[in-house]
Amino acid sequence: MSTKPPCRLCGHALEEFVSFGPQPTANAFLESSDFGSESFCRLAVGICGACAMVQLIDEVPNEQMFHKEYPFRTSGSAGARAHFEQTAQWLLDTKLADDQSFVIEIGANDGAMLGSVQKAGVRHLGIEPCGDLADICESKGIQVLSAYFDESTARRVAEEHGLADVIFSANTISHISYLDSVFRGAEALLKPDGLLIFEDPYWVDIVAKTSFDLIYDEHLYFFTAGSVRDAVARYGLTLVDVQRISLHGGEVRYIVAREGAHQPTAALSGLLEAERAARVTELATLERFAARVSERKTALVGLLQDVAAQGKRVAGYGATAKSTTVLNYCGIGPELVSFICDNTPGKQGRFTPGTHIPVRSPEAFADPYPDYALLFAWNHQQEVMANEQAFADAGGKWILYVPEVTVA
Ligand code: TYD
């Protein structure tokens, strides 16, 4: 008899509802000399039968994903740059107006958010375990501590820098296995009326769009307002507000305070009610999601095989972490997608994890244009299509696979 794995938060059994088979490390873009030494981990998602936290069944060690050469740069898209400048301005205007204000960012990446805080002269600290990213922050004049955030880092920061008005984090909290330590750390590091504010991909949007490629090793948890409310409540914290964000195909910003310090908003009760109505944590809904994932694979592979049979050339656009799940789950290699262009220097000249498709600079895209471009950076669709209008003008077609497989 097989035993079900336990929920990382409450220890109750997880119910697995979708699996993508063995997957390589999503952001481990390779040199050709690495081809023989890749490591794979089964990618499967389950839901806790008690606290309804959606999470990966198996996990890859932090150090294998987030290290000196971690290639993802927040500032790689104009959409993200604008979002984080606006976020910084919102924090500065509404939460950091005092001259004693202090903001911490967990997973500061390349300083897309803290850069604006630094320019405003407000006290801040970025916490960033990936060495190259911490160096980029420092080169921008941002105060940074190169560490993983957990309770002991939080206590050290509290001692050395004092308590924070805001602990902010984007696309990072859902990556951290030991959420108990993260929430205990936040509790230890916040001022009495301080706020923990984090934004991550929203499970409800993933189900609605069947954007299954947001499932990869770094995304260990898939939050809903309901699961975050219950998770933080175990640590003397309360979810008090939520904001919907359109970045990355749909995210939610969760605003968490100490118990009793702030009143819950109508936006929060509205989202909780919508989640109940959408039944996003019921097994029947999740099994239908899994069936749509499988249909999407059949449709995408079928389209790429038809195009290849016509002798047409397909390139990928955006060597995203998301593309690793699509390519490996669908079995798409260089015979169907000849190369992928990407503006991230650390990915160019390398090969995609598991499927070994070459990654080239954006200039290679027009040299000459392919017949079709498979848009892996679909979450930046508007920006990419506007920048590449000349491709469409030259007769090139985009292949999209979220929320359906289409040719545009
Ligand atoms: P993104 O979708 O933000 O995330 P993830 O890797 O987490 O799935 O990544 C977008 C990738 O696409 C990133 O590697 C930068 C690249 N990109 C371009 O090459 N050109 C562009 O115009 C844009 C917007 C992104």
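Which residue in β15 is the bridge partner of Ala 315? The legends below begin with this strand pair. The model is predicted: local features need pLDDT of at least 70, side-chain atom pairs count only at pLDDT 80 or more, and totals for chains, interfaces and linings use all residues. Residues are numbered from 1 along each chain as its sequence is written, and side-chain values use heavy atoms, with hydrogens and water left out.

**View 1. An open sheet of 6 strands with mixed pairing.** The bridge partner of Ala 315 in β15 is Ala 373. Strands β12 (residues 314–317) and β15 (residues 372–375) run parallel and are joined by 4 bridges. Two strands pair if DSSP finds at least two bridges between them; strands (E, at least two residues) and helices (H or I, at least four residues) are DSSP runs, numbered from the N terminus. The order of the sheet is β14-β13-β12-β15-β16-β17. At its edges stand β14 (359–360) and β17 (406–407), each with a single partner strand, so one side of each has no neighbour in the sheet.

View 2. Around the ligand are 19 residues, of which Ala 321, Lys 322, Asp 342, Asn 343 and Lys 347 come nearest; a residue is near a molecule if one of its heavy atoms lies within 4 Å of it. Oxygen atoms of the ligand lie 2.7 Å from a polar side-chain atom of Asp 342 and 2.8 Å from one of Lys 347. For an N or O atom in the side chain of Asn 379, the distance to a ligand oxygen atom is 2.9 Å. The protein buries 94% of the 560 Å² that the ligand exposes when taken alone (Shrake-Rupley method, 1.4 Å probe). Helices α11 and α12 (381–387) each supply at least two residues of the shell.

View 3. The whole structure holds 1 cavity of 30 Å³ or more. On a 1 Å grid over the protein atoms alone, a cavity is a set of points where a 1.4 Å probe fits but cannot get out, and lining residues have an atom within 4 Å of a point. A volume is the space filled by probe spheres set on the points, which are joined across faces, edges and corners. The largest cavity contains about 90 Å³ of space. Its lining has 14 residues, and Gln 23, Cys 41, Leu 43, Tyr 216 and Asp 217 lie nearest the centre. Strand β2 gives the most to this lining, with 3 residues.

**View 4. The second largest pocket.** This pocket holds about 360 Å³ of space; a pocket is an open set of grid points with protein on both sides within 12 Å along at least five of seven lines. Of its 20 lining residues, Ala 28, Phe 29, His 67, Glu 69 and Arg 350 lie nearest the centre.

**View 5. The hairpin of β10 and β11.** Here 8 bridges join β10 (residues 237–245) to β11 (residues 251–258), and the two strands run antiparallel. Arg 244 has Val 252 as its bridge partner in β11. Between the strands are 5 residues, and His 248 of this hairpin takes a positive phi near 55 degrees.

**View 6. Backbone exceptions.** Most residues other than glycine have a negative phi, and most peptide bonds are trans. Asp 367 and Pro 368 are joined by a cis peptide bond, with omega about -5 degrees; Pro 368 is in the loop between β14 and β15. Another cis peptide bond joins Val 402 and Pro 403, with omega about 0 degrees. Ala 52, in the loop between β2 and β3 (54–56), has a positive phi near 60 degrees.

Definitions and conventions: A polar contact is a pair of N or O atoms within 3.5 Å; within protein, one must be able to donate a hydrogen and the other to accept it, and residues adjacent in sequence count only if both atoms are side-chain atoms.
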